[in-house]
Amino acid sequence: MHGCIGVFFCRKKLHVLSSSVSAGPCSDTLVAPLYASSFLASSRYNFLYSANFAKLYGSSGWSPSPRDRQPWLQIDLQKKYRIVAIATQGTFNSYDWVTKYTLLYGDRPDAWTPYVMKGGNMTLPGNWNYYQVKRNVFHYPFTAKHLRFLPMGWNTENSGKIGVRLEVYGCPYDSYVLHFEGDDMAAYTFPRLQFRSLRDNIALNFKTLERDGVLLHSDGQQGDVFTLELKRGRLYLHISLGSSTVLQTNGMTTMMVGNLLDTQHWHYVTVKRYGREVNLTLDSQTETAVLNGEFNYLDLDNQFYIGGVIEKDAPHLPGKPNFRGCLENVFINGVNIVAMAQNREPDIRLAPGKMYHTCRDLLWKPMTFAGPNNYLQVPGFYRKPRLAVKFKFRSWDYTGLLMFTRFADDLGALELGLSEGQVNITLFQHGKKKLRFAAGYRLNDGYWHTVDLAARDNLLTVTIDEDEGSPLKITNPFIVKTGDRYFFGGCPKSNNTARCVTKLNTFHGCMQQIFIDDEPVDIDVMLQRRWGRYTELLLGTCGITDRCTPNPCEHEGRCIQSWNDFLCVCENTGYKGEVCHNSVYRESCEAYRLNGKYWSGNYTIDPDLSGPLKPFTVFCKMKPNKAWTVIEHNRIDSTKVSGSTVDQPYIGEVQYVNASWDEVTALANTSKECEQWIEFSCYKSRLLNTPNGRPYSYWIGQNNESHEYWGGAFPESKMCGCAINQTCTDSRFLCNCDADYRQWYSDKGYLMFRDHLPVRKVVVGDTNRTGSEAQFSLGPLLCQGDRNIWNTIAITKPTYLTFPTFKPGPSADITFHFRTYRTNGVFVENADDHHRNFIRVELNSTHEVVFVFMVGDGIQNVTLRSPRPLNDNEWHYVEAEINVKMARLKVDFLPQAILKFPGQTYVALQFTQPFLVGAANHTLRPYLGCLRGLRLNGLPLDLEGKVDEKMGIRRNCTGACLNASVPCRNGGQCIDGYADYSCDCNNTAFDGFYCHKDIGAYFEVGAWLRYDMRKEPISEDAWWANYWIDPHWHNYSLGYNDSTDDIEFSFSTMQTPAVLLYISSFYKDYIAVLLQKDGTCYSCTPLHNSPGLVGCISGVRYNIFAPLKTYFRPNVTNPPVTTQGYVVESNCGAFPPINGYVPWEVDPWWTGLFIIATTIAMLFFILYGLYIYMYRYKGSYITNEPKILESPSSSKPLTEPLHKEKNLQDIQEELASD
């Protein structure tokens, strides 16, 4: 900010907003202006591929020698810059490009810091061809003067090799530095000796080798404190805006970020405060907090300490050492304190002694063991009788080889290994049993640890972390003669002439300060003179990162990490999954009931599922059609109150059992109905002071709002239940207690407005008069139903619903149910402004649901294929989840589809656009169908709140079939397309768009048609076995003991008698429908030699079998139909035409000629009327005669199961007489 805050006065000589960063956008090209002398490389392929040709868009590029095992390209920027991005290309017009690389940076060319991406990955993505530019923008800017480019992968096709051209983007950076040794400090004296601010912006950079130290400190007389310190390698901010003994509030708030900050790398800190809201940022990690207490201003006295506190009789803060290391550009509300110290401003006070304005780094030259086959081989003094090895290491791994050496004269070997957090010492002796001992404890904690080993004949001593008071001593008999080679971190996989053999894994971590026989190992000299070898090491840097800070495990899961990955332990958290994201409990008692839990008892529920609220235990009272949730509290028994007034009332807080206030409120919000009994008993104590007075007593509910109505009354009515029932003791008042009688009365009833519940506090205010007394009680909270489970809409037009942007954090899950007949469509989508980050769940085909996302490394997807169609208009459950470990998709009870991510993956779930339901952006691939129960990270979305009939969004699952212009006829099933509909006529004897077209046949003399329903009978055991697999199966199982049958058809003839229909079984059962001489029909035993039908019959259906439709509209190659004689198709004039809309694309007669259509329709009606008047008879028969017969034009679907009933009375058939 410009200027000063509060009484922080500005003067021209102060370095206000010193130009540590240049104004304007930070996007200057830093490599292009450099001379050739600024480039250095480990080797070159030839002169044409020298390091100085590695400029973006150049005519060549840098390529190292093929013999270079660990190539690097180094750039000297000549001065310090703030760097924000890097861009790479391959070598011009070649097959040479780098596919991945590591970038090191630093202030000097012999001390490096690796750039670590989010997720802990040090490998940046590179190019895929030689000409396109791959730009990587750093997730936090850093400062550096020197850069080192390490190729980690490259193109090998078509004889390709390493090749790179690059550019770095940034802006100039002015550095003001102070070096602290732990016994010095700087203090800034405030103008007018005081500091008061509402808003603060404090920034600094630091680097150190120490784990503890005070960076900034100041305090005030009113209890205000500001302290920024390192503690065990972590950064802590302690801040208080003041504490109050009167209000009994402690204003101190502590925030923590980062870990392993003792790496001698620059770290960038910013503290921003406005009132009680604080953001603490370290590098790219930001923590946010709201400060404790009730104050908003920071009031500090006298001065601000930098680097520690040194005063008379106080060399440091109690229990807090001063800082040792470098501080750079310390800004306090725009004032650069370090610049003022360099200019010796009078407001700056320095500790006695000399202060250095440059960093005096201790260069221990650490090295990083980062590869699967890494090792370091160094020489030793041969055949000495004493062995001494000392080194420092840090790692997260449980096991790994630290050091191995083989003794001279084949006397054995010595192995130091890391195992279960201890250093294991194993001594191998020729022809003897090996000796094994352990030292140390929890040495795989990521911090530096020292191992000091000394051995001579019959004595070996190991000291861990220079704790000389408790060294490990081994006095077994053995002989020591040192070998000439020592291996650290692993053994060579090839050219292993020293016979380095171990069963331990390779070590992953950092080492430094290696001493062999009390002599330091200079890695640079050793490699220059080729005295040693190494593979897969990063020299001059420690690239360890803490993957458990911040904790990637949600819901207080415990994080365990190794060098390149982490594991979440979710035990006893109530959650499961790779990052403890998914709740193991149901969201409500209703959800348990719907999942088959029908017995009452204690259940643990989680109303927001994967959300932040913890699960809690409730009592579920299960009913046949609903489940009640019961939560008790501390006010079940009556609470007596006396001595309270309106101005100083008694406040009875309600503490619910096993649940916090937020958790109980979440339960009420997700329930369909809630109620809570409340009772107020009074003896000369008024309640609401109705009808117009100020209430003496009231209750506080959800959202901390006061409510002036009592149990049994309407919300905000200022009444009690007796006023609603007209039973109040005194009709002048609206509550019994408001009559103010000297006898006991009570007002009681249920509070039933869910949005006001649960009750949080009961306030009683009229018990201070002589003889006044009151008592109240509150019943348990009772809730039933779950309105989110059945929160349902139908989308009937191409449109979409918009909700606020989804902000999931490190993990995201989306769950919902869908139901549709459509073959594809997008369920949900959320994206950023440029669609570079998005997630989408869609129905890709009739059998596939796809979870598509781009949240880091390109577009990826998880596809789940179902063996059955998903567009069957049945409800299907979908669950999509993504986190840093994997992406997962689950549909119904099918095996889930999983895409696992490699270690060190970062997932950027950062969206800016509204969350879309029903289509992708710009209504692409719209979804038509039903959705219900949509949740994002456990939090439900109110779909029904977006209902808009004009937009095609309906409440409940209702589509075009609900208000069809023409219903499906003759038992046809309506197939809802939600925007339109169609009729399924497969199980009917009819055809056409509405199943309205009759299919009939004309039979001449001697003609007949036979339909074979089954080739052989089915046993009863097989019948029941198939019934449990498919309840509709018995519709197809004719041939064995069917007790109920449906038959319908239409016919017209002028000849009697005639056999209309005959059905036989494999036994003696049969059905026959005859036309007698007098024109009446009977279902009876057929007469021998009865003449067949001469005429027309149509719409023939026996249960689900339609013989005529099978014959004239076959859907199989060889239909089971046999005919004899002349049988020709005819509609027999059975039904009038349907006057309804038929889509033109499925109407073969559509011509668009209105006059011709009208003429044909009039002619058809005239002919039809004459035909019906003269000839038509129509019948419908059913063998189970007590049932009510239905017309064949009924729209009842034929797919309803025909239930098999046993022990029915035999049906007596009456034979027709001639």
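Author: A surface patch gathers residues with over 30% relative accessible area and no salt bridge, where like charges are joined within 9 Å and nonpolar side chains (Val, Leu, Ile, Met, Phe, Trp, Tyr) within 5 Å. The accessible areas come from the Shrake-Rupley method with a 1.4 Å probe, and for residues only the protein chains shown count as cover. This is a predicted model, in which local features need pLDDT of at least 70 and side-chain atom pairs count only at pLDDT 80 or more, while totals for chains, interfaces and linings use all residues. Residues are numbered from 1 along each chain as its sequence is written, and side-chain values use heavy atoms, with hydrogens and water left out.

Reader: Which residues make the nonpolar surface patch of about 260 Å²?

Author: Tyr 1002, Tyr 1126 and Val 1128 make that patch. Tyr 1002 belongs to strand S72 (residues 1000-1003); strands (E, at least two residues) and helices (H or I, at least four) are DSSP runs, numbered from the N terminus. With a relative accessibility of 34%, Tyr 1002 counts as partly exposed, a class that lies between buried (under 20% relative accessible area) and exposed (over 50%), again with a 1.4 Å probe and protein chains only.

Reader: Which residues gather in the patch of negative charge on the surface?

Author: Asp and Glu count as negative and Lys and Arg as positive, whereas His and the chain ends are not counted; the place of a charge is taken as CG of Asp, CD of Glu, NZ of Lys or CZ of Arg. Here Asp 452, Asp 465, Asp 467 and Glu 468 form the negative patch. Glu 468 sits in the loop between strand S31 (459-464) and strand S32 (472-474), and its relative accessible area of 68% makes it exposed.

Reader: What is the phi of Asp 465, and what is that of Glu 466?

Author: Most residues other than glycine have a negative phi. Asp 465, although not a glycine, has a positive phi of about 55°, and Glu 466 likewise has a positive phi, near 55°. Asp 465 is partly exposed at 36% relative accessibility, while Glu 466 is exposed, with a relative accessible area of 52%.

Reader: Where are the cis peptide bonds?

Author: Most peptide bonds are trans. A cis bond joins Leu 757 to Pro 758, with omega about 5°, and Pro 758 is placed in the loop between strand S50 (744-751) and S51. Another cis bond runs from Thr 1056 to Pro 1057, with omega near -15°; Pro 1057 lies in the loop between strand S74 (1046-1053) and strand S75 (1058-1064).

Reader: What is the order of the open sheet of four strands?

Author: Strands of a sheet pair through backbone hydrogen bonds, either parallel or antiparallel; two strands are taken to pair if DSSP finds at least two bridges between them. The order here is S46-S51-S48-S49, with antiparallel pairing. Strand S46 (650-653) and strand S49 (706-707) stand at the edges with a single partner strand each, so one side of each has no neighbour in the sheet. S46 is joined to strand S51 (residues 761-764) by four bridges, and Ile 651 has Val 763 in S51 as its bridge partner.

Reader: How many salt bridges are there?

Author: A salt bridge is a side-chain nitrogen of Lys or Arg within 4 Å of a carboxyl oxygen of Asp or Glu, and by this rule the count is 42. In one of them, Asp 522 pairs with Lys 365, the closest N and O atoms being 3.9 Å apart. Asp 522 is in the loop between strand S35 (519-520) and helix H2 (523-528) and Lys 365 in the loop between strand S22 (348-350) and strand S23 (367-369), so the pair ties together parts that are 157 residues apart in sequence.
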